[in-house]
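Me: I have a new model open and want a quick tour. Can you walk me through the helices and a few loop residues?

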Amino acid sequence: MLSVFVSADLTGKIICLDPGHGGTDPGAVNGDLLEKDINLDISFLLKDMLLVRNSQVVMTRTTTYESLGNSDRAYICNDAGADLLISIHTNSVEDPNYDGTYMYWFKKEDRALASVMQPIMYNELGDYEGQPVTYYGIPDFIDFGTDRFASGTLMRSDMPAVITEPVFMSNPTEAQWLSSAGSERRTQIAHAHYLGILSYYGIPLDPVCGDDTLNQESEECDGFDLGWNTCISLGFDDGTLSCTEDCTFDTTSCTTSGPECGNGICEGNGEDCFSCESDCACFGKDCSFGCCGDGVEQNMDSKKCNII
Ligand SMILES: [Zn+2]
């Protein structure tokens, strides 16, 4: 019953990740936060995700100390024979209210890549911990779309290339989320890139509830795939387990051999003797001097319960 999810992957693809800035060029600065280090950390997180999908990953720099020119970045990726170049940046402006997602392209093939990645990244980053980011005091999270930009990295690269600006580190809430290595927000930003890259190659995005396959942590079950669970394994005595549309267990057809409404015995434990109805529950009628279902009529309505 448990089906194994075999996904298409990035075997044979070489992805060149370019952490923006570096060395003597910190990029944007907000207090202790340096853009060059955020970009590098996100690149490492993204690299790990891509490796899971069997991609080869090349990085233009791997330390905070390296200074690279924009053309150098393109040449490193060209020399590696990379299929994609993703140059990762973090945006900044004077107005601390701004936040949102922006992407740059130059060549025609860059534009095709950007047009796939930008909307996916914007949607992904507009939520944080299950809430719209605006819930956290970010006034608005803006889809800045994509623009043509004559960067040496984009112009001199042989492959589809984009410069990503997923969020604004000048926004104080973003800055707080971005403040530590491997933070949830940095991981989310890496994941947004990852989803964009997979989508560009037409690889199904992460498993979802509704694909009849139990393949993500948040699912108890998915369609027919109950992960070997049964009513009995969940603590019931019998019955048929099924799965809701929300990928949680539906135990309404599971049964227990304990108290059973309608068997003529008042067993307590859910069967209430105090004014019972046909479902052996209370509806405000008083039969306190006898047990519902004991065959003795305590009042006009008591016999409705538990008499076969
Ligand atoms: Zn930058």
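Me: Before we start, what kind of model is it?

Reply: This is a predicted model; local features need pLDDT of at least 70, side-chain atom pairs count only at pLDDT 80 or more, and totals for chains, interfaces and linings use all residues. Residues are numbered from 1 along each chain as its sequence is written.

Me: How many helices and strands does the protein have?

Reply: Six helices and 14 strands. Both are DSSP runs, numbered from the N terminus: helices are H or I with at least four residues, strands are E with at least two.

Me: What percentage of the residues is buried?

Reply: Of the 308 residues in the protein, 38% are buried. Buried means 20 or more other C-beta atoms within 10 Å of the residue's own; exposed means 12 or fewer; partly exposed is in between, with C-beta atoms placed from the backbone.

Me: And contacts along the chain, what share joins residues at least 24 apart?

Reply: 63%, among contacts between residues at least 6 apart in sequence. A contact means C-beta atoms, placed from the backbone, within 7 Å.

Me: Which α6 residues are buried?

Reply: Arg185, Arg186, Ile189, Ala190, Ala192, His193, Tyr194, Gly196, Ile197 and Leu198. After the helix comes Gly202, with a positive phi near 70°.

Me: How do α1 and α6 cross?

Reply: Their axes come within 8 Å and cross at roughly 55°. That makes α1 oblique to α6. Angles under 35 degrees count as roughly parallel, over 145 as roughly antiparallel, 65 to 115 as roughly perpendicular, and the rest as oblique. Axes are lines fitted to C-alpha atoms, for helices over the stretch in contact, with angles from 0 to 180 degrees between N-to-C directions.

Me: Left-handed or right-handed?

Reply: α1 passes α6 in a right-handed crossing. Right-handed means the near helix is turned clockwise from the far one by less than a right angle; anticlockwise is left-handed.

Me: Which residues make that contact?

Reply: From α1, Ile38, Asp41, Ile42, Leu45, Leu46, Met49 and Leu50. From α6, Arg186, Thr187, Ile189, Ala190, His191, His193 and Tyr194. By class, the contact of α1 with α6 has nine nonpolar, three polar and two charged residues. Ala, Val, Leu, Ile, Met, Phe, Trp, Tyr, Cys and Pro count as nonpolar, Asp, Glu, Lys and Arg as charged, and the others, Gly among them, as polar.

Me: What covers the buried residues of α1?

Reply: The cover includes β1 (14–19), β3 (33–34), β4 (56–59), β5 (84–88) and α6. Among the buried residues of α1 are Glu35, Lys36, Ile38 and Asn39.

Me: What about α3 and α6, at what angle do they cross?

Reply: Roughly 145°, with axes coming within 8 Å. The crossing of α3 and α6 is right-handed. The contact includes Leu113, Val116 and Met117 of α3 and Gln188, Ile189 and His191 of α6. By class, it has 10 nonpolar, five polar and one charged residues.

Me: New topic. His21: what is its phi?

Reply: Positive, about 65°, although His21 is not a glycine. Most residues other than glycine have a negative phi. His21 lies in the loop between β1 and β2 (29–30).

Me: Is His21 buried or exposed?

Reply: Buried, because 23 other C-beta atoms lie within 10 Å.

Me: And Asn54, buried or exposed?

Reply: Exposed, because Asn54 has 11 C-beta neighbours inside 10 Å. Asn54 sits in the loop between α1 and β4. Its phi is positive too, near 65°.

Me: Last ones. What does Gly20 touch?

Reply: Gly27, Glu35, Asn39, Ser87, Ile88 and His89, not counting residues up to four places away in sequence. Gly20 is in the loop between β1 and β2. Gly20 counts as buried because it has 27 C-beta neighbours inside 10 Å.

Me: And where is Leu33?

Reply: In strand β3. Leu33 is buried, with 21 other C-beta atoms within 10 Å. Its C-alpha is 9.0 Å from that of Ser180, 147 residues apart along the chain.

Note on methods: Contact = placed C-beta atoms within 7 Å.
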